[in-house]
Amino acid sequence: MGLHYLNFKQLTLIHLFSLFFLEIKVKNPWHRRQIIIVTVIIAVGIIIMVSIGVVQNKPLHQKYKYGIVLDAGSSHTSVYVYEWPAEKENNTGMVQQKHACNVKGKGISSYSGTPDKAGVSLKECMDEAKMTIPKHRHHETPVYLGATAGMRLLKMDDDTASEKVLKSVENFLQTYPFSYRGARIITGQEEGAFGWITVNYLSNNFRKASGTMGALDLGGASTQITFVSGKKLESPDNSINFRLYGNDYHLYTHSFLCYGKDQGLKLSIKQQIQSKHDMTGNITLEDPCFNPGYSVIKSLQSVFDSPCTKVNGPRIENYFTHIGIGNWHKCHKAVKMVFNNTYCHYSRCSFNNVFQPTVEGRFGAFSAYFFVMNFLNLTTYSLDEAKEKMAEYCTTNWDTLKKNHPNVKEKFLGEYCFSGTYILTLLEDGYKFTSDNWKNIDFIKKIGDSEAGWTLGYMLNLTNMIPAEAPDTPLLPYGGYVTLMFFLSLLIFVCFIIGYIFFRRKSGAAHKDII
Ligand SMILES: Nc1ncnc2c1ncn2[C@@H]1O[C@H](COP(=O)(O)OP(=O)(O)O)[C@@H](O)[C@H]1O
Ligand SMILES: [Ca+2]
């Protein structure tokens with residue numbers, strides 16, 4: 001039909017052109033020159049028309065905008081610089097990580113005794129951010145600092161100290177030429193929800209029919225689980241609703257304070273010590289979650305100094321010898337003890353009487369989930385294979401491990417048997433993942449160039465870069481528009497050429513007839 005119509009249209013055009021040229025030729029002896037002039041004028045006209053159209057619709061030269069978010073975690077602070085094309089800020093997937101910097105030393109909560117030093121500890125990374133962003137954009141670049149579970153715990157322990165630390169970082173950040181937008185402790189709900197927004201924004205899931213993926217974040221002091229659930233949510237604390245790009249999302253989210261992997265380790269050590277020792281005299285802890293040959297003297301205070309493990313009574317000043325016996329099965333048993341599965345006041349729980357519907361769909365597991373599973377090479381194995389590999393790893397001698405990994409921090413290396421076991425136990429016995437849906441978990445660090453974590457989602461939300469309704473987009477993308485214009489003008493030009501050839505033949509015949 002289309003082809004037939006086009007041919008008919010072409011024929012009509014050719015017919016009209018031929019009549020026009022024929023008339024010129026018959027009436028005017030200077031026909032050849034005139035035809036050439038007319039053809040050239042029409043061709044130039046088309047070129048000018050197309051050029052104006054293309055130039056007029058060409059996107060303006062890309063201008064970039066920037067934003068800075070500081071992730072003040074329990075173990076350390078990271079500074080992220082994000083970048084996006086100025087006129088596309090409401091389109092999904094447009095904001096990307098441009099630069100990341102890890103602040104030297106521990107997290108800001110470790111400055112509780114010397115709060116004045118917390119701010120200046122950020123200097124190197126903030127100077128890097130300043131160098132990364134073009135100077136003329138500095139004043140309009142927003143800076144946010146969000147502190148997570150380390151500061152939540154400090155606030156519980158010593159409210160004034162946490163206020164002083166926040167004031168110190170605030171004063172320091174205000175010395176930069178950026179647009180300072182606040183330093184605060186974010187809630188566990190925010191941490192979970194913004195992690196979920198980040199991974200789905202970066203994966204472009206908000207505009208796809210394929211649905212979203214859940215987010216699993218393992219920190220040092222807390223851990224978050226967030227996913228879209230079709231089930232009725234039985235506790236309002238675990239429910240968050242978003243309307244993004246014209247779609248409604250009903251999220252389940254929970255943040256477990258004290259169940260990050262560093263606090264989890266403290267809980268496990270406390271539990272093991274208390275089950276076997278009366279805390280007086282010499283304590284030797286034979287820990288199945290540490291490699292054979294591992295032997296380090298540690299203060300009891302380092303275990304009991306947190307609100308997660310605090311015990312009433314006199315200050316604990318003793319030390320204990322932490323000895324590794326490397327036995328995965330015993331370690332698994334010990335780690336299970338820190339998750340309370342004995343009662344649930346809802347139809348279903350994860351652990352510690354926290355409501356959780358059955359996990360649904362795919363999940364991205366990031367932060368310490370990735371660091372640990374990646375080091376242990378477990379990111380592609382099934383749950384049962386991962387357990388076997390862990391059993392093997394935990395029995396490896398401590399000296400052999402150190403020899404094989406001279407560049408890995410000893411603290412991390414010593415803890416990987418515990419950390420790996422903790423992750424498998426949290427996912428299986430805590431969140432109730434099974435051997436069947438284990439494959440739905442992707443252990444990820446980055447999506448594209450951007451790290452998975454709560455920071456990007458936090459900035460997108462505070463700068464209103466995710467609209468509730470889908471923004472209008474042009475019918476054709478710019479590339480498609482240029483291509484279409486090009487082929488249409490080519491078609492018109494070809495019509496002229498065909499018309500001209502056709503006319504020449506006809507006029508030749510007409511000329512003969514006249515003679
Ligand atoms: N290379 C690594 N190997 C193992 N663990 C790591 C590595 N890098 C960072 N971590 C751990 O990741 C966790 C990050 O937690 P963090 O974000 O600081 O705490 P939170 O989110 O609870 O405030 C910490 O437990 C830290 O020790
Ligand atoms: Ca974190």
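Mentor: Start with the ligand. A backbone N or O atom of A149 lies 3.5 Å from an oxygen atom of ligand 1.

Trainee: How much of the accessible area of ligand 1 does the protein cover?

Mentor: The protein covers 87% of the 580 Å² that ligand 1 has on its own. Such areas come from the Shrake-Rupley method with a 1.4 Å probe; for residues, only the protein chains shown count as cover.

Trainee: Which elements give two or more residues to the shell around ligand 1?

Mentor: They are α8 (261-276), α11 (368-375) and α14 (410-430). Helices (H or I, at least four residues) and strands (E, at least two) are DSSP runs, numbered from the N terminus.

Trainee: What ground rules apply here?

Mentor: This is a predicted model: local features need pLDDT of at least 70, side-chain atom pairs count only at pLDDT 80 or more, and totals for chains, interfaces and linings use all residues. Residues are numbered from 1 along each chain as its sequence is written, chains are lettered from A and ligands numbered from 1 in the order in which they are written, and side-chain values use heavy atoms, with hydrogens and water left out.

Trainee: What makes K98 and E83 a salt bridge?

Mentor: The term needs a side-chain nitrogen of Lys or Arg within 4 Å of a carboxyl oxygen of Asp or Glu. K98 and E83 meet at 3.6 Å, N to O. K98 lies in strand β3 (residues 96-102) and E83 in strand β2 (residues 77-85), so the pair ties together parts that are 15 residues apart in sequence.

Trainee: Are K98 and E83 buried, exposed or partly exposed?

Mentor: Buried means under 20% relative accessible area, exposed over 50%, partly exposed in between (1.4 Å probe, protein chains only). E83 has 18%, so E83 is buried. K98 has 41%, so K98 is partly exposed.

Trainee: How many salt bridges does the whole structure have?

Mentor: A search finds 19. One of them joins E415 and K411, with the closest N and O atoms 3.0 Å apart. Both residues lie in helix α14, 4 residues apart, about one turn of the helix. E415 has a relative accessible area of 10%, so E415 is buried. K411, at 48%, is partly exposed.

Trainee: Which residues are linked in a network of salt bridges?

Mentor: K155, D159 and E163 are linked. The side chains of E163 and K155 meet at 3.6 Å, N to O. E163 is at 42% relative accessibility, so E163 counts as partly exposed. K155 is partly exposed too, at 36%.

Trainee: Why are I36, V40, V44, I48 and I52 called a nonpolar patch?

Mentor: Patches are made of residues with over 30% relative accessible area and no salt bridge: like charges are joined within 9 Å, nonpolar side chains (Val, Leu, Ile, Met, Phe, Trp, Tyr) within 5 Å. Take I48, which sits in helix α2 (residues 31-57). I48 is at 46% relative accessibility, so I48 passes the area cut-off. Together the five residues of the patch, I36, V40, V44, I48 and I52, have about 440 Å² of accessible area.

Trainee: How do you know that H138 is buried?

Mentor: Its relative accessible area is 7%, so H138 is buried. H138 lies in the loop between α4 (123-132) and β4 (142-147). The H138 side chain reaches the backbone oxygen of I133 at 2.9 Å.

Trainee: What makes the phi of C258 worth a remark?

Mentor: Most residues other than glycine have a negative phi. Phi of C258 is near 85°, a positive value. C258 lies in the loop between β9 (247-257) and α8. Its relative accessible area is 13%, so C258 is buried.

Trainee: Where is N464, and is N464 buried or exposed?

Mentor: N464 is in the loop between α15 (454-462) and α16 (478-514). At 62% relative accessibility, N464 counts as exposed. Phi of N464 is also positive, near 55°.

Definitions and conventions. A polar contact is a pair of N or O atoms within 3.5 Å; within protein, one must be able to donate a hydrogen and the other to accept it, and residues adjacent in sequence count only if both atoms are side-chain atoms.
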